[in-house]
Structures are given as structure tokens and as C-alpha cells.
Amino acid sequence: MSKRDRTLKDILDLILHENPSTQEEIAEKLGITRRYVTQLLKPLVEDGTVKRGYILDLKSYEKFLESYGGNISREDSAGNIFVNDMVRNMVKHVHNQLECSFNALLEHDEVKANEALEMDFITNNMVEKVKTSVETIASINQNSEFSKSVLYNEVAYELERIGDYCGHIAKFVINDVYEIEEDILKYLTKMYKKSQKMIRSSMIAFLDGKTDSKDEIMDMEESLQILQSKAINLIATRMAENPFDEKERSNYFIYLFRVVKAFKGIGNTSVEIADIALEFHNNIPRSTTPRTFR
């Protein structure tokens, strides 16, 4: 690729990722003149690859990359870059949703719990946007390499599941009048931190191709399982000490079990995402047997 074509690709990448408003902004960020930006973009504006407001036509951009770089990998396709960014934003949102849910639990704060539940509506909308975008990519690129774009859908659905688990945590705060005992909360805090780390590691594996982290993720899942067992045993002990005629208190313990299982569910979902990453980047098929039966 010539220096001129490399600069043009840099301009298009900047438009794709940073949504610049003017040619002056493009020129300043790339350290070139505005006149040179105008000169390079003119043919692409005329053929519709770059539209007004500096928006890329993804199909035309694919053809541009193919003309200079041969075959485009699934990771480098314009459509996949676009959806990759959408999923990356969804991950940030889910991290915030989990944090909000857990803070509501720590502080027994119904306002924050309701805020976390409202965030779940956004999570669900994000899934639909990813799905629509993937369908668009599939209609543009129907060869076998680009067919793997549908794995973005699966990751988005897994993130939606994590959002649902966050909802279980938030609903506990809204539905129960009792605050959690300190010794139980200690285990839940450790599970929360482990869950956040597992989400982060699994999504780095998928979004950035760092699939060598799978062993570390599995180690974290095992650690989460140990924490779950300890938390459940402690809750069961407290429940056994509780008089049977105190129905409200008994329900509290039952719902608390669900909170513990929600964190374990987040861990399991993170492992599923890591498996999807292996299939996406390393062509390692996932097991068709559900994890609960492996």
C-alpha cells in the first residue's frame, strides 16, 4: 500500500471510529493539511463511500479495503469494526449495571436498585441494535468468513443474560426489608469482584482476540464456585437458626440464595463468552452440551 493510500485509510478509520465533524478536525488529528484531506476524500465523496457529515458507507468501505489489502479478515471488516464498537459499549453499560445493582445491595438503597432495573431496559435495546447491525453485515457479506459475524449476536445475548442476573440482585433490595449480615456480605463482595473481573477478561478475549486468558477465566470460575459454596452454607446455617414461623425472614433467606446464584450465573456466562471467543478467533468449535451437564 502506498503512502497516499495508507493516509487515505487512516482518514477513513478516523471517520469510522471517531466521527469527526470537519475536515479541519481530520487534518489536525492526523497531522496533515486540510487541502490534502479534501484531495484524498473527493473521489470517495463522489462515489458515495463517504457521505455528508463524514459517515462511511460500510459496503463501499469493504470494497476499498479489498482493493488495497486483498482478503479482509473478519476482525478488520468495516461492519465487524462497527459492531465490535457497539458490543464494547454494551460491555461498559453492563459493567455499570452490575456495579449499580451491587451498590444498591451494599447500601440497601431502593433508589439505586430501581436505577439498575431501568438500566436493564437499555441493555435489552442494545441487544436489538447489535442483532439488526449483524443482519445488515450478513446481507452485505455472505461468504463463510463474514458468517462468523453472527457470533456477535451470541455475545450480546450473553451480556443480556448478565443484565438479567443484575436484575435479580436489584429486585432483592426492592422486595426485602432485611439488610444482609456482614459475614454473608463479605462473601457476596468477593463474588461481585470476581464476577466483574470475569466479564472483563472474557470480553477482552472476544473483542481483542486475547484468547490465551481462557485458563485464567476457568480458574476464576473455580474460585467463584468455592465462594458460592461457602456463602450458601453460611446462609443455610442462618436459615436453620431462624424460627420456622417467621415466614418473612425465611423468604429473605430464599431470595438471598438467588443473589448468590446470580453471581455464579454471571461467572458461567463469562465462560460461555470466552468459548465464543475461541470459536471466533481460533476456529475452535464450542461443545454442544450445556455447561450444566458437562
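What pattern does the chain follow when read along the sequence? The order is α-α-α-β-β-α-α-α-α-α-α-α-α, which comprises eleven helices and two strands. Helices (H or I, at least four residues) and strands (E, at least two) are DSSP runs, numbered from the N terminus. The model is predicted: local features need pLDDT of at least 70, and side-chain atom pairs count only at pLDDT 80 or more, whereas totals for chains, interfaces and linings use all residues. Residues are numbered from 1 along each chain as its sequence is written, and side-chain values use heavy atoms, with hydrogens and water left out.

Of the 294 residues in the chain, 46% are buried; the term means under 20% relative accessible area, with exposed set at over 50% and partly exposed in between (1.4 Å probe, protein chains only). A contact requires heavy atoms within 4.5 Å. Among contacts in the chain with a separation of 6 or more, 73% come from residues 24 or more positions apart.

Helix H10 spans residues 214–241 and has 28 residues. From its first C-alpha to its last, H10 reaches 41 Å, close to the 40 Å expected at 1.5 Å a residue; the expected span is 1.5 Å times one less than the number of residues. The buried residues of H10 include Ile217, Met220, Leu224, Leu227, Ala231, Leu234 and Ile235, and also Lys214, Glu221 and Gln228. An α-helix has 3.6 residues a turn, so residues three or four places apart point the same way. What covers the buried residues of H10 includes helix H9 (182–208) and helix H11 (247–282).

The structure holds eight aromatic pairs. Rings of Phe, Tyr and Trp (its six-membered ring) pair if their centres lie within 6.5 Å; planes under 30 degrees apart count as stacked, over 60 as edge-to-face and the rest as tilted. For phenylalanine 172 and tyrosine 252, the ring centres are 5.9 Å apart and the planes stand at 45°, so the pair is tilted. This pair links distant parts of the chain, with phenylalanine 172 in helix H8 (residues 151–175) and tyrosine 252 in helix H11, 80 residues apart. Phenylalanine 172 counts as buried because its relative accessibility is 3%, and tyrosine 252 counts as buried because its value is 0%. Ring pairs link Phe172, Tyr178, Tyr252 and Phe253 into a cluster.

Tyrosine 178 has a charged neighbour as well: the charged end of arginine 249 sits over its ring, 4.5 Å from the centre. The criterion is that NZ of Lys or CZ of Arg is within 6 Å of the ring centre and within 35 degrees of the ring normal. Elsewhere, the charged end of lysine 186 sits over the ring of tyrosine 187, 5.2 Å from its centre.

Histidine 95 lies in helix H5 (residues 78–107) and is buried, with a relative accessible area of 13%. Not counting residues up to four places away in sequence, histidine 95 touches Gln196, Ile199 and Arg200. Its side chain is joined to that of glutamine 196 by a polar contact of 2.5 Å. A polar contact is a pair of N or O atoms within 3.5 Å; within protein, one must be able to donate a hydrogen and the other to accept it, and residues adjacent in sequence count only if both atoms are side-chain atoms.

In the loop between H5 and helix H6 (110–140) stands histidine 108. Histidine 108 has a positive phi of about 50° although it is not a glycine, and is partly exposed at 22% relative accessible area.

Asparagine 282 lies in helix H11 and is partly exposed, with a relative accessible area of 36%. Asparagine 282 and threonine 211 are 71 residues apart in sequence but 8.1 Å apart in space, C-alpha to C-alpha, and a polar contact of 3.0 Å joins their side chains. Asparagine 283 is placed in the segment after H11 and has a positive phi of about 55° although it is not a glycine.

The count of disulfides, defined as pairs of cysteine sulfur atoms within 2.5 Å, comes to zero. Cysteine 100 is in no disulfide, and the nearest cysteine sulfur, that of cysteine 166, is 9.3 Å away. Cysteine 100 is buried, with a relative accessible area of 11%, and cysteine 166 is buried, with a value of 0%.
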